[in-house]
Amino acid sequence: MPEWRLLSIVLAVLVLVIVVEMMRRRKLREKYAAMWLFVGLGVVLLGAVPGLPSWLAGLTGVQLAANFLFAVAALVLLFVVLQLSSEVGHLEEEVRTTVEEIALLRCELEDARGELGKRLAAAEDRLERPAAAPLAAPVVTPGDRAERA
């Protein structure tokens, strides 16, 4: 087996091990891990089966197996960029929505603080005002009764 085939198999297996370990530690999400596992298995397959790259190149009409592998690698990277761009767009939308919600909550908080301040000031005013003396019942004398009658 040529050295480059052995090297490609070893590197692909190393990628597979790293992907599985990153999944185990929850540093790589499953949707990305599936893509990298697929790439790793493809590289293992291309390295393990000697005539597969040449056969696939001939099947697609590409003259050299190296050109075929380069084109496949470019397509895989294009797919990765497209997927990550889609994810970035989704995350930007989530961030924008979250920022808008935070702004609305801050406005509500400021309104609530203002209302609380008004209520607190009113309560302090009521406590600071001296209590008015209760009104005493008027004293009625016998002479007052005669004047009213």
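Modeller: The accessible surface of the protein comes to about 12400 Å² (Shrake-Rupley method, 1.4 Å probe; for residues, only the protein chains shown count as cover), and carbon and sulfur atoms hold 68% of that surface. This is a predicted model, in which local features need pLDDT of at least 70 and side-chain atom pairs count only at pLDDT 80 or more, while totals for chains, interfaces and linings use all residues. Residues are numbered from 1 along each chain as its sequence is written, and side-chain values use heavy atoms, with hydrogens and water left out.

Of the 149 residues in the protein, 13% are buried (under 20% relative accessible area; exposed is over 50%, partly exposed in between). Met 22 is partly exposed, at a relative accessible area of 32%. Met 22 belongs to helix H1, residues 3–24; helices here are DSSP runs (H or I) of at least four residues and strands (E) of at least two, numbered from the N terminus. In total there are five helices and zero strands.

Turning to packing, helix H3 (residues 52–60) meets helix H4 (residues 65–128) at an angle of about 80°, with axes 8 Å apart. Axes are lines fitted to C-alpha atoms, for helices over the stretch in contact, and angles run from 0 to 180 degrees between N-to-C directions. H3 and H4 are therefore roughly perpendicular (65 to 115 degrees). Their contact (heavy atoms within 4.5 Å) involves residues including Pro 53 and Leu 56 of H3, and Phe 68 and Leu 69 of H4.

How values were computed: Buried means under 20% relative accessible area, exposed over 50%, partly exposed in between (1.4 Å probe, protein chains only). Angles under 35 degrees count as roughly parallel, over 145 as roughly antiparallel, 65 to 115 as roughly perpendicular and the rest as oblique.
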